[in-house]
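Q: Could you walk me through the charged pairs in this one, and then the surface and the overall make-up?

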Amino acid sequence: MRRAALALVLMFLAPSSALAEERRGRARVSANGLYSVRMVEAAQDQCRLEVAQESGPVWTLKECLGTVDDLYFVSNDGERVWVVWPLVEKGKAVAEPRTKKKSKAKKPKGPPAWARVVVAAQYGRDGQRLQEKRLTEWLNTRQLSEVRQLTHHFKWLEGTLGIPGKGPRLTDAGVVELEPVGGTTRQLTF
């Protein structure tokens with residue numbers, strides 16, 4: 001009887017304690033040191049992006065733009081944020097139009113559908129996407145063989161997720177520098 005009552009009490013307490021736990025991402029500071037940015041996951045599908053100064057919050061965006069494990073960089077004026085996703089879900093293949101006759105046409109050349117996904121995006125304080133970068137903008141078809149393939153995701157960024165290399169960083173000039181696998185240093189400007 002006691003065990004059943006204890007199990008019942010624990011069943012009701014477990015969800016409330018799980019909801020109370022917030023996961024906070026690593027705060028990253030702007031190049032001038034005035035602002036910081038971080039993602040906070042309050043619960044499943046309940047996130048907020050926080051931009052703050054030393055004195056406290058400046059603005060908050062209640063959207064899940066990524067996870068606490070993704071990389072966030074804030075501009076020197078605190079108005080824009082770059083989000084870089086080192087682990088990206090593979091894109092869906094583009095449906096080819098059906099023809100009445102079966103043709104022996106060759107497949108179109110170019111990058112695979114999974115490589116055409118967005119790997120970085122810049123957002124304003126209103127949540128509007130201002131810029132985006134696709135993997136195919138940084139890597140050519142030959143370099144795509146360096147991308148680490150998983151079943152439903154891929155890893156593409158050096159210095160993250162066990163891929164050797166120099167990790168993404170914000171320079172003193174306020175530019176985000178990163179190295180895709182098999183590629184050269186790329187820059188994201190605010």
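Q: Which residue does Lys-133 meet in a salt bridge?
A: The side chain of Lys-133 meets that of Glu-137, at 3.8 Å from N to O, where a salt bridge is a side-chain nitrogen of Lys or Arg within 4 Å of a carboxyl oxygen of Asp or Glu. This is a predicted model, in which local features need pLDDT of at least 70 and side-chain atom pairs count only at pLDDT 80 or more, while totals for chains, interfaces and linings use all residues. Residues are numbered from 1 along each chain as its sequence is written, and side-chain values use heavy atoms, with hydrogens and water left out.

Q: Is Lys-133 buried or partly exposed?
A: Lys-133 is partly exposed because its relative accessible area is 21%, and Glu-137 counts as partly exposed too, at 42%. Buried means under 20% relative accessible area and exposed over 50%, with partly exposed in between (1.4 Å probe, protein chains only).

Q: What does Glu-132 pair with?
A: The side chain of Glu-132 forms a salt bridge with Arg-129, at 2.8 Å from N to O. Glu-132 has 29% relative accessibility and so counts as partly exposed, as does Arg-129 at 38%.

Q: And where do Arg-125 and Glu-79 lie in the chain?
A: Their side chains, Arg-125 and Glu-79, meet in a salt bridge of 2.8 Å, N to O. The pair links distant parts of the chain, 46 residues apart, with Arg-125 in the loop between β9 (118–124) and β10 (129–134) and Glu-79 in the loop between β6 (71–74) and β7 (80–84). The strands here are DSSP runs (E, at least two residues), as helices are (H or I, at least four), numbered from the N terminus.

Q: How many salt bridges are there by this rule?
A: The count comes to 13, and Glu-22, Arg-24, Arg-48 and Glu-50 are linked in a network of them.

Q: Switching to the surface, which residues form the nonpolar patch?
A: Leu-87, Leu-150 and Leu-161 form it, with about 240 Å² of accessible area together. Patches are made of residues with over 30% relative accessible area and no salt bridge, with like charges joined within 9 Å and nonpolar side chains (Val, Leu, Ile, Met, Phe, Trp, Tyr) within 5 Å. Accessible areas come from the Shrake-Rupley method with a 1.4 Å probe, and for residues only the protein chains shown count as cover.

Q: Where does Leu-161 lie?
A: Leu-161 is in the loop between β12 (153–155) and β13 (169–170).

Q: What does the secondary structure come to?
A: The chain has two helices and 15 strands, and buried residues make up 35% of its 190 residues.
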